[in-house]
Amino acid sequence: MALMQYTAYLRWGALSALFLALFVPFIVAVGSFWPNLFFPYITGKNFAFRILVEFAVLCYVLLALKDPKYRPRGSVLLWTALAFVGWMAVATMLSVDPLKSFWSNFERMEGYIGLMHLFVWFVVAGAMLTADKLWNAFFNTSIAASAVQGGWALFQFLGWLSISTQSGARADTTFGNATYLAVYLLINFFLTLFMLARTGSSRNRATLQVLYGAALVLQLFGVFFTETRGAILGVGVGLVVAAAYFIVFARGKESEMLRRLSMGAVAFVVIFAGAVYAARDTAFIKQLPGLNRLASISLTETTVTSRLKYIWPMAIQGGLERPIAGWGQENFNFVFNKYYQPGMYNQEAWFDRAHNQFLDWLIAGGIPAFALYTLLYLLAAWAIVRTNELSVAERAALLGLLAGYAFNNIFVFDNLVSGIYFFALLAYLHSLSRKHAPSLLLSRPLGDHGMAIAAPLVLVLGLMGMWALNAPGLARASLLVNAIQTQEAGRNNAGEVVGVAKDPKQNLAQFKEVLGVVRWPGSQLGVQEATEQFLQYASSIGSQTSIDPQTKLDTFTTARDAMNALLLARPGDARLELFGATLLAQYGQIPEAIAHLKKALEYSPLKQQIQIQMGLTLIQSGDMQGALSLLKAAHEAAPQYESARVYYAAGLYYAGQTAAADALLTEHFGSAVVDNAQLLQVYTNLKLYDRAIAVWKLRIEAAPKDAQQYLGLASVYFAACKIPEVIAQIKMIAKIQPQAAAEMLQLQKQIEDGTLKCGQ
């Protein structure tokens, strides 16, 4: 009886973890129910999934030792997935940065550790859900959760719920990224079709059809509300594949109606796509979510150009450079930096993915990883086609899922949730082909004496593993949120809770804690992001006169040490070299900054951002000729790049070549007076006050009720010693913002009595 009880507990423990994993998409780590973590949409979901999988494994191993029916059985899919994971272990060891390839970072939370968890998820789900015949319940739970997400997307579209700042007007629910939500809903849309096809002999057929139909509507509209073109097209591709398969292979009069519906679905998709393209320039299409972005697809569109012309070719080039073991997971940025082209100036500044999951595996693990990953799709399709346990309609729905998901992954990369579903699908298809396969382990149960030895050992190793793999990263992600905050809760004179400036010494202490061994045994997860955040913070306070000089010095030296330690661990990273150079330049360490910038240019010779920073740093060093050479190269590599033009003009102004700078600006902007923050600083520094005044007047014209614009104009007048004009602006500020009238009057008195000296 006791034996039955503890095996029942183990069974329910493993199954509970598997089913709870389906609700991981709802986790956002922003406090309240969850810790407040750095990259809250990513880290919270990943840590939760990993802990659930680890708990499931702990229960599963003990259960499988005692009950042979839960032990894994072989299949071609299993062996291929194992070969894929095994090869990526080799690729990780041979990676250009093995530590990052293993641990990943907070922004992605993938790496080899993530792949291992997905493979274990595949094994445990394939064994447990098959042995207990719970796949239907598993899929139904997922469908219910996705219907909620679809409804959430609808509420966001209606304006009843907010959307994260990074998604614009596109629905993103709890994913924080519209693309991630879209592929989740795409997968569940076809899972719903699959379960709908299984209702044929159900006693509750009518009720189930209504529920599945409602879920399909919410999922489909949710995909459109994300305005994700790859997923929308993926739904269309999947429907065409599913319908075509059913049309070809369905037989009998009972399938005639569905055959006609399938033909209609194919016709609808084709006609719908053609109609959207034909009407792409109409106001009707432009006002509809999803369709407006779908209709904007063209070979000249920025996103399309970035993939076809730049990212994919450089990924192929990088893959061929290291064809055997690749560069390792999380290392696409090395390829991006090396093969960067100036025409990418209007793209993301630093790509860390090829935006094609197949090419991402080519980069991560070379041709073997690319081939094995592709083979998983082919074997999955073969498993669907060859099984006798599914009806034609069910096979059609799963083929549609596979086709739609594969098509989507040509244009984007996987995330945790889509990875969970891909490996769950593989586990289900593995279960269809493992019925008669022999167990990979002995078929006899482990005796009580053996269990008495195994149970404590498994428990101790499992709990220690859970702590070591998660606790350090969780602690660092939480501490980093506090370290980067420059304000903390305080109270004003009225006793109200308000934000007050945090003591920079506290920030420094927190960053030191974040970069240390935050929890035993420590890990590298998040170290790079913590260091980069520290470098940016240290750079930001470098020019602040209100901060104690000793605190600034301590912050700088600690940040420089952290930078050097990271560069030693991750050599060859142009982005890190640039970040380090920016910090050094901010604190006047010009020769050292130039040395780092030279390395950055060595790693990414055509990156304008690095060329510009080198040019500005050379200006600080007094090497005007070298600065102009780099700034000119950055501009001429892509003349349409406005920032490069502006910085080149700034260099010309500092070099005293005013006419050349004016001509450069006039050629593009139509005037030498340009409302640009960098140029405004140049005008002020070089005492070109008339130009600075003209810029501030343009700003006032654009925002006549903004007191800050008048204050900016007043500051330039004061620098130019135009006192009557300064007084006029001060009076205007008092008029626009009456609560500042007393302060403005005091300022006026200080100017008039000479307490404040102009032109200084």
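How many helices and strands are there in the protein? The predicted model contains 32 helices and 2 strands. Its radius of gyration is 30 Å, close to the 27 Å that the globule rule gives for 760 residues, so the protein is as compact as a globular protein of that length. A search of the whole structure finds 1 disulfide, which joins Cys721 to Cys758.

**Overall dimensions and packing**

- The C-alpha trace spans about 95 × 65 × 60 Å along the principal axes of the protein.
- Of the 760 residues in the protein, 52% are buried.
- Among contacts between residues at least 6 apart in sequence, 68% join residues at least 24 apart.

**Surface and charge**

- The protein exposes about 34200 Å², and carbon and sulfur atoms supply 63% of this area.
- There are 57 positive and 47 negative side chains in the protein.
- The centres of the positive and negative sets lie 9 Å apart.

- Asn188 is located in helix α7, which covers residues 178-197.
- The relative accessible area of Asn188 is 0%; because buried means under 20%, Asn188 counts as buried.
- Leaving aside residues up to four places away in sequence, Asn188 touches Ser142, Ile143, Ser146, Gln219 and Tyr421.

**The disulfide and its cysteines**

- A disulfide is a covalent bond between the sulfur atoms of two cysteines.
- In the link between Cys721 and Cys758, the S to S distance is 2.2 Å.
- This link of Cys721 and Cys758 is right-handed, with 100° about the S-S bond.
- Cys721 lies in the loop between α30 (707-719) and α31 (723-736), while Cys758 lies in the segment after α32 (741-752), so the pair ties together parts that are 37 residues apart in sequence.
- Cys721 has a relative accessible area of 38% and is therefore partly exposed.

**Another cysteine**

- Cys59 has a relative accessible area of 5% and is therefore buried.

Technical notes. Residues numbered from 1 in each chain as written. Predicted model: local features only at pLDDT ≥ 70, side-chain atom pairs only at ≥ 80, totals over all residues. Heavy atoms only, no water. Helix = DSSP H or I, 4+ residues; strand = E, 2+ residues; numbered from the N terminus. Rg over C-alpha atoms; globule rule 2.2 N^0.38 Å. Buried < 20%, exposed > 50% of the residue type's maximum accessible area, 1.4 Å probe, protein only. Contact = heavy atoms within 4.5 Å. Areas by Shrake-Rupley, 256 points an atom, 1.4 Å probe, with all protein chains shown as cover. Lys, Arg positive; Asp, Glu negative; His and termini not counted. Charge placed at Lys NZ, Arg CZ, Asp CG, Glu CD. Disulfide = S-S within 2.5 Å.
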